[in-house]
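Please read the points below with the model open beside them.

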Amino acid sequence: MNKIVTPPRAESTVEIASPGEEKITVLNPVGYPPKINKKTPAARPESLDGKTIYLVDCRFDDSVVLLQQVQAWFAEHMPAVKTKIISLSATYQHDDPKTWEEIKAKGDAAIVGVGHCSTCAPGVATHAITLETRYGVPTVALHTDKFDRVVASVTKMAGLPEAPRAFVPQPVMGKTAAELKAYVYGKDPITGVPIMQEVIAGLTTALNA
Amino acid sequence: MTAFERTTPRLVEPDTEENLQRQFLENKWTDGLPIVLPTEKRVAAMLAATSRKPDEIVGRMQPTEFRAAWEYTVEKVAVNAVMAGARPEYFPVILALAASQVTARGSTSSSSSAMVVVNGPIRKEIGMNWGTGAMGPYNHANATIGRAYGLLSQNLQGGSEPGVTFMGSQGNNYTYNNITFAENEERSPWEPLHVQKGLKATDSAVSVFYGCRSTTFCLGLREKYWREHVRDMLAGIDGNSAPCLILDPITARQFIDRGGFDTKAKLIRWLHESAQMPAGRYWDLQLVQNYVYPWATFGKEPMATWLKAKDDEFINHFPEGEINVVVVGGETNGYWRIMGAKYRKTVSVDQWR
């Protein structure tokens with residue numbers, strides 16, 4: 001059997017270099033931010049009765065399945081509201097003027113979703129702001145809760161920090177229709193407010209200028 | 001047109017070295033490791049290594065699409081180069097990387113990394129490694145240029161903060177130095193990467209790839225089943241990426257011996273023809289559903305044509321123009337790998353000298 005040799009303990013008198021007290025000047029490594037231009041949101045209708053709401057599928061993971069549950073909620077709770085699901089022309093990574101023109105011409109409001117990745121959350125937020133500020137369409141963005149700080153940062157830099165949004169739990173990907181229905185009928189995990197209450201308020205309550 | 005504000009102060013409030021190291025760490029200006037403090041003297045030495053003026057705008061960068069891009073100057077790049085521990089002679093390479101405007105700190109939840117290939121005479125001038133261990137930590141230029149690319153990306157694009165400007169669910173260890181190496185032009189049987197991208201062999205250049213999540217790996221090419229083995233490897237590359245073969249010179253020559261690929265272009269053509277998947281299985285990949293399928297329905301080719309295939313019909317799902325081949329390694333053996341990495345850009349280093 002090999003004898004285990006314990007190494008000698010290090011002397012405890014090893015001197016740690018004391019930090020220099022002299023103050024030194026260094027340069028800031030951070031770049032230059034873009035100028036923020038404040039944007040004006042669209043006017044809100046007093047009621048959604050008789051109005052057409054476009055549900056815009058950003059085509060990431062199972063967004064459309066969640067929007068189908070939003071559509072079902074309206075059919076059950078606000079049957080006077082018409083809804084139409086529409087998918088972006090290509091990926092969420094690109095602006096989609098053709099789709100925005102259709103919504104402006106045929107719709108009264110929009111819900112864009114779901115922002116549930118690092119680029120589609122900024123994409124959904126940006127598309128919603130585009131609809132609001134360039135096309136005059138009241139819009140709410142739907143995201144998952146993991147991306148709340150991402151969305152806050154993007155809407156601030158885009159000049160519309162008060163852009164309406166609601167958050168459902170993460171993940172949406174791979175969830176059944178029944179599970180996503182529970183999301184839609186449930187509460188926003190960030191605010192504790194029922195999801196659809198936030199959505200309706202976002203489409204009908206004037207935003208702070 | 002976007003306007004940029006010069007609100008970022010040029011200097012940090014003077015303090016002790018220990019306090020400044022802590023401040024840089026707390027401000028999320030580092031990669032978590034100690035940095036070289038960017039004193040005016042060190043930054044001036046870095047700036048002396050380029051003919052460009054300190055206040056010249058180099059570019060704009062953003063963590064991902066739909067996030068506001070930030071702007072930066074030569075001096076700002078120099079500050080980050082000093083922080084990474086780079087020597088002034090590396091600065092033209094680092095400026096070229098900054099000029100690519102491709103971030104090495106993408107926010108993507110998929111946890112990407114950049115990969116940097118340096119070509120041309122600059123490799124020798126600054127002592128880069130393209131031989132044994134080139135993709136590892138053993139060479140000062142490789143190590144600090146790659147680290148500088150990461151630091152400049154996070155600081156010049158307005159941050160890379162988990163939960164806000166970085167959402168990589170698992171993260172990617174490659175991002176500590178962004179797989180920065182030089183191509184082994186001396187032992188490669190083919191033309192260098194930058195020549196493929198339109199530059200002269202006597203030019204110096206950096207090429208940036210992005211992705212580096214999926215990797216498959218092998219030793220050499222066996223006589224009987226080498227074609228099948230390569231096909232198996234290609235099948236392991238994620239569908240929204242593109243294969244980039246990273247070949248030790250031993251394996252590069254084996255591809256010529258086995259397949260007669262005496263140019264990179266011939267090898268790339270064969271790889272494109274060999275990488276196949278049944279259409280139904282391909283379209284069911286989540287990444288393909290998210291990023292390729294929408295373009296196919298939009299009518300973009302070749303995806304639109306792939307969409308017409310029956311479920312059991314094989315499609316060649318890696319476009320020929322997106323496949324790349326790079327030679328690196330010290331010939332200690334014929335190990336090689338395929339990295340799932342999309343080519344983004346090649347930038348001249350000479351224009352930043």
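1. Strand E2 (residues 57–61) of chain B pairs with E3(B) in the antiparallel sense over four bridges. Two strands are taken to pair if DSSP finds at least two bridges between them. Helices (H or I, at least four residues) and strands (E, at least two) are DSSP runs, numbered from the N terminus. In this pairing Ile57(B) stands opposite Thr73(B) of E3(B).

2. The model is predicted: local features need pLDDT of at least 70, side-chain atom pairs count only at pLDDT 80 or more, and totals for chains, interfaces and linings use all residues. Residues are numbered from 1 along each chain as its sequence is written, while chains are lettered from A and ligands numbered from 1 in the order in which they are written.

3. Which residues of strand E3 (residues 70–73) of chain B point one way, and which the other? Trp70(B) and Tyr72(B) point one way, Glu71(B) and Thr73(B) the other way, and all are buried. A residue is buried if 20 or more other C-beta atoms lie within 10 Å of its own, exposed if 12 or fewer, and partly exposed in between, with C-beta atoms placed from the backbone. In a regular strand the side chains alternate between the two faces of the sheet.

4. Pairing also crosses between the chains. E1(A) and strand E1 (residues 11–15) of chain B run antiparallel and are joined by three bridges. Val26(A) stands opposite Val12(B) in E1(B).

5. The contact between the chains takes 36 residues from chain A and 53 residues from chain B. Two residues are in contact if their C-beta atoms, placed from the backbone, lie within 7 Å. On the side of chain A that touches chain B, the elements giving two or more residues are strand E1 (24–27), H3 and helix H4 (148–157) of chain A. H4(A) supplies the largest share of that side, five residues. The side of chain A that touches chain B divides into 17 nonpolar, 12 polar and seven charged residues. Here Ala, Val, Leu, Ile, Met, Phe, Trp, Tyr, Cys and Pro count as nonpolar, Asp, Glu, Lys and Arg as charged, and the others, Gly among them, as polar.

6. Chain A has six helices and six strands, in the order β-β-α-β-α-β-α-β-α-β-α-α from the N terminus on. Of its 209 residues, 43% are buried. Among the contacts in chain A with a separation of 6 or more, 76% come from residues 24 or more positions apart.

7. Leaving out residues up to four places away in sequence, Ala125(A) touches Gly115(A), Ala141(A), Val151(A), Val154(A), Thr155(A) and Ala163(A). The C-alpha atoms of Ala125(A) and Ala141(A) are 6.1 Å apart, at 16 residues along the chain.

8. Chain B is assigned domain 1 (17–210 + 347–352) and domain 2 (216–340); such bounds come from an automatic or database domain assignment. Their centres, taken over C-alpha atoms, are separated by 28 Å. The contact takes 19 residues from domain 1 of chain B and 15 residues from domain 2 of chain B. Strand E4 (113–119) and helix H7 (193–196) of chain B are the elements that give two or more residues to the domain 1 side. That side divides into 10 nonpolar, six polar and three charged residues.

9. Arg22(B) lies in helix H1 (residues 17–26) of chain B. Arg22(B) counts as exposed because it has 12 C-beta neighbours inside 10 Å.
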